[in-house]
Amino acid sequence: MIQIIKLNGRDFPWEAGMTVEDIMNKKNFIFPKIIVKINNQHIEVEDYPTTIVNDGDNVQMIHLLAGG
Amino acid sequence: MDINTLKEGRKLLTEYKYELGKLDKGYTDRSLYINISENKIDSKPVTQMMKDKFVGGKGFGLWYLWNGTTPTTKWNDPENEIIICGGPVCGITQYPGSGKSLVCSISPMTNIPIDSNVGGYFGPLLKFAGWDALELQGKAEKDIIIYIDGNKGVITIEEAPLEAIDSHVLAEQLTEMYADNEADKRNVSVVTAGTGAEHAKMGLLNFSLYDTRRKVTRFKQAGRGGIGRVFRDKKVKAIVVKFSGVKGNLNNPVDQAIINKAGIKMHKEMHNLDDKQNRMRKVGTGYSVEIMSAYDLLPVMNYQYGGHEDAKKIGPDILINNYLTQGLEDGCWYGCSMACAKTADNFELQTGPYKGQRVTVDGPEYETTAGVGSNCGIFDPRAILEINFYCDTYGIDTISFGTSTAFVMECYTRGIINKEITGGLDLKFGNFEASVELLHQMSRGEGFGVVVGQGIHQMKKIFSEEYGADPDFLFDIGMEQKGLEYSEYGSKESLAQQGGFGLTNKGPQHDEAWLIFMDMVNNQIPTFEDKAEALYYFPMFRTWFGLYGLCKLPWNDIVPEGNKYTSEPAKIPEHVQNYLDVVYGVTGKRLNTTDMVRESERVYNFQRIFNIRLGKGLRANDRVPYRSMGPVTKEEYESRQERYDGQLKEILGYDTEGKSTEEKMAVLRKHRENQYEKLIDAVYARRGWNSNGVPTLERLKDLGMDLPILVDVVKDLQ
């Protein structure tokens, strides 16, 4: 059965061992100014490859371009 | 032709001498009025009421335009005006992006006011020459050049029959003519249009800056809405200003130290972070081409699609490594450390009257690359640079040209028009030769190029009335609204951005609100009320830059390191505080963020009522083409079938099994059109407008904008 986590408030399929970087690659999130938070805790850029996302986590990847 | 010969052809029509005056807190407190029908030049006072209610920049431009025109004024009537105004902060040299001016006129594309912001040296030098704004009215009998000598206090209007018309030649001639020597050239700035602007409604204005390192005259463009067409219709070849003695405190600010402090902080930020963020200093706004493609937002083949595997061929790395000169400070006004005005130097032209010449091409900006490139199915950087150059020198807006060419390419591909109609041009997607030939035809005033130069709004009428095209289909695929072509982002998957384009005052230009990431990717504004709040705040915030003479890019195309820990990172609070400090430093006004929005809201509502005065500005005028909302054709739907099928199931509970594409498209369309109407209701309510889009008397009173001239327009529409 596919597990689902929340990514920016929407369902996203989760796999055991998945990192922040894995999610960004799957979503093709290549914009250079993204804020990443897991359960409201900030994740630094250098930690993307090693930060594991757990089942049930609330992940936010906020792209900072708004208003123009 | 040498300069002396050009001068011999001149005939002086009038000369006006003035006291040089003095700047105080960002204002000269007067504006320059020039009527070229009567060869009359005069000084007008800038009143405290103007400063309180309209601030400057676009605010002053709209105010003068309202007073100079009537409810029946058309774009080519003599009373239509062109107003250039920088705003009180314009001209400081300590903070990035502080040399902008705003240009206003009644647009040939939309027949309502257009405002277009532009860099280059003209706006600041005009202010230092003693004028907060230049208000140009009337029509000359023959081609003229207006010259403002800001050191001697002399203004002349001369007939000028021999000078070139295309911008890159004319600006060189005039810079050479009016500068005392090579070092003096940086003190001259020229406003020009071009031969294309004589025939195409999408004409633009070029504002020059002399590049002392490259030793070439360069341009920034007031591109949108056809102001260049108005300029040439008035038979103005150029407006020249000269002022020597630029220094950092000429605005006579109240607190220089606070401006310096904000500027130094920004320069450090730019130095430390830009290479890790947007690389604006290396490639300018073109950094985002591949990014937009990755997020399915890059317009491809008339906005049918949002990405293409060849986007990388026109992406930033190709431009940096092969075309754009690196390592030079490319600001369009002194002190801009963002320096995003890139150029391709020694670029050899392959077509047209300047074929074989090596030129400097300003750009390409993102909008140009996407508009004349991907949106037309062209993924060759040389082709994009060539079109970019000719658009600029002919005085043609790359956005309207790109979007209009994409439209005719789709019409051609679908058999709506053919070679008999195009005069033999094979206007299939990807055909650079046909695209650039349209431009050359606009310059020469002949062929199908002249038709394309009228813009999509006019072409839809011609194609349906003369060639039997289905007007409903043309409405769906013709990416214009209010008469103005869309700028270069796909908005199908962002309802907020559909409003960001559709609920603008001047037409679908992204400089009011770009909300796609907040909405589509971040999911930060899920409800109608959330979207309405964003479509209230951001357009007002963006309007504010245009009141003061500021560039938007240093606000959020670089973000400070601690930004992510702030409560509203999307608004870049530290930069907003910088702006409040800079405005205080120059003018002595202590503003907070609420004040900023209210300053803009006064002008924004004034512009809305200006539209109503001219017969638009109501709900019916905010209708958008379906291509901006969803898939018009079967192939568009099927190219993203998984997405659309998923939405039908998840959002509407619609069972897609066994349904034809046409059936699914119809259900999706009904849903999306309904969503847009609900969005309009929410946005109008938040902005204080009634359900027909008319500002209420209560809101006008609250804003202090219940001026009798405005109340007269809206009182019967409440």
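Colleague: Let's start with Trp555(B). Which helix does Trp555(B) lie in?

Modeller: Trp555(B) belongs to helix 22 of chain B, which covers residues 553-556. Keep in mind that this is a predicted model.

Colleague: Noted. Is Trp555(B) buried or exposed?

Modeller: Trp555(B) is buried, because 22 other C-beta atoms lie within 10 Å and the cut-off for buried is 20 or more.

Colleague: And what does Trp555(B) touch, not counting residues up to four places away in sequence?

Modeller: On that count, Trp555(B) touches Ile572(B) and His575(B). There's also Glu574(B), 19 residues away along the chain, whose C-alpha atom is separated from that of Trp555(B) by 9.3 Å.

Colleague: OK, switching to the domains. How is chain B divided?

Modeller: Into domain 1 (3-242), domain 2 (256-485) and domain 3 (498-558 + 592-717).

Colleague: How many residues of domain 2 of chain B are in contact with domain 3 of chain B?

Modeller: 24 residues of domain 2 of chain B, and they meet 22 residues of domain 3 of chain B. On the domain 2 side, helix 7 (256-273) and helix 18 (471-477) of chain B each bring at least two residues. Helix 7 of chain B gives the most to that side, with four residues.

Colleague: Now the core. Which residues in the largest nonpolar core touch the most other members?

Modeller: Ile83(B), Val103(B), Val240(B) and Ile396(B), out of 227 residues in that core. Helix 21 of chain B (residues 528-548) gives the most to this core, with 13 residues.

Colleague: Stay with Ile83(B). What is Ile83(B) in contact with, leaving aside neighbours within four places in sequence?

Modeller: The contacts of Ile83(B) include Phe60(B), Tyr64(B), Leu65(B), Val103(B), Cys104(B) and Leu134(B). Gly61(B), Ala133(B) and Glu135(B) are among them too.

Colleague: Last topic, strands. In what sense do strand 2 and strand 3 of chain B pair?

Modeller: Antiparallel, over six bridges, with strand 2 running over residues 30-35 and strand 3 over residues 40-45. Leu32(B) stands opposite Ser43(B) in strand 3 of chain B.

Colleague: Which residue in that hairpin takes a positive phi?

Modeller: Asn39(B), with phi near 50°, in a hairpin that has four residues between the strands.

Conventions. Residues numbered from 1 in each chain as written. Chains lettered and ligands numbered in written order. Predicted model: local features only at pLDDT ≥ 70, side-chain atom pairs only at ≥ 80, totals over all residues. Buried ≥ 20, exposed ≤ 12 C-beta atoms within 10 Å, placed from the backbone. Contact = placed C-beta atoms within 7 Å. Core = buried A, V, L, I, M, F, W, Y, C linked by C-beta atoms within 7 Å. Domains from an automatic or database assignment. Pairing = 2+ DSSP bridges.
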